[in-house]
Amino acid sequence: MFSWAVGTVRRLWREMVGFGTVGLVGVTCDIATFNLVIGVFHAPKVYGSLSGTALGTLIGYLGNRFWVFRHRDRRQSTAEITLYLLVSAAGMLITAACVAFNEYVLGYKSLLAANVAQFIVGQGAGTVFRFWAMHLWVFPEAHAAADADGEPPRPAGGPDAADLAEPQLADAE
């Protein structure tokens, strides 16, 4: 199990770092919008959550499509954007549910508690979900046919799991 996790991280580290960087820019705008809507406009906290997450979603799409996953095959833009919005909406609901649970179930009403619910708990859970879903469904790896040797093509930009396992097998002999 551990070697599988290490192999997966080694294969996906560039995407993970890029996704994290785009996410950092998006969450910075999200924090600013969230606190502006709540602190300046005195709107309900869930509205602040939805507003901030919507802006972060737009920034996230642009950064992920044109930087992080730029080497992936493009689908029809309508299908890709629709999938992106569906995954983002699910992530947004995860985050907003954390804010609502914090305020309406746990009874924490302070701005600090709302920020913790939004940006630590909600964004944490939502980010894990979004990375998994974006990688799998929105910007999937191309699945081309096997070459003449029967080996599947390897993606450019890094080793696959077989490359990671070969040195271990050679050392064991």
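In this predicted model, the side chains of Glu15 and Arg72 form a salt bridge (a side-chain nitrogen of Lys or Arg within 4 Å of a carboxyl oxygen of Asp or Glu). The pair joins distant parts of the chain, with Glu15 in helix α1 and Arg72 in the loop between α2 and α3, 57 residues apart. Helices are DSSP runs (H or I, at least four residues) numbered from the N terminus. Glu15 is buried, with a relative accessible area of 14%, and Arg72 is buried at 10%; buried means under 20% relative accessible area with a 1.4 Å probe, protein chains only.

By this rule there are three salt bridges.

| Salt bridge | N to O distance |
|---|---|
| Glu15 and Arg72 | 2.3 Å |
| Lys45 and Glu103 | 3.9 Å |
| Glu80 and Arg65 | 2.6 Å |

Both Lys45 and Glu103 are buried, as are Glu80 and Arg65.

The second largest pocket has a volume of about 380 Å³. A pocket is an open set of points on a 1 Å grid where a 1.4 Å probe fits, with protein on both sides within 12 Å along at least five of seven lines; lining residues have an atom within 4 Å of a point. The volume is the space filled by probe spheres set on the points. Of its 19 lining residues, Gly23, Val27, Gln123, Thr127 and Arg130 lie nearest the centre. Helix α1 (2-39) is among the elements that supply at least two lining residues, and α1 gives the largest share, eight.

Residues are numbered from 1 along each chain as its sequence is written. Local features need pLDDT of at least 70, side-chain atom pairs count only at pLDDT 80 or more, totals for chains, interfaces and linings use all residues, and side-chain values use heavy atoms, without hydrogens and water.

Technical notes
Buried means under 20% relative accessible area, exposed over 50%, partly exposed in between (1.4 Å probe, protein chains only).
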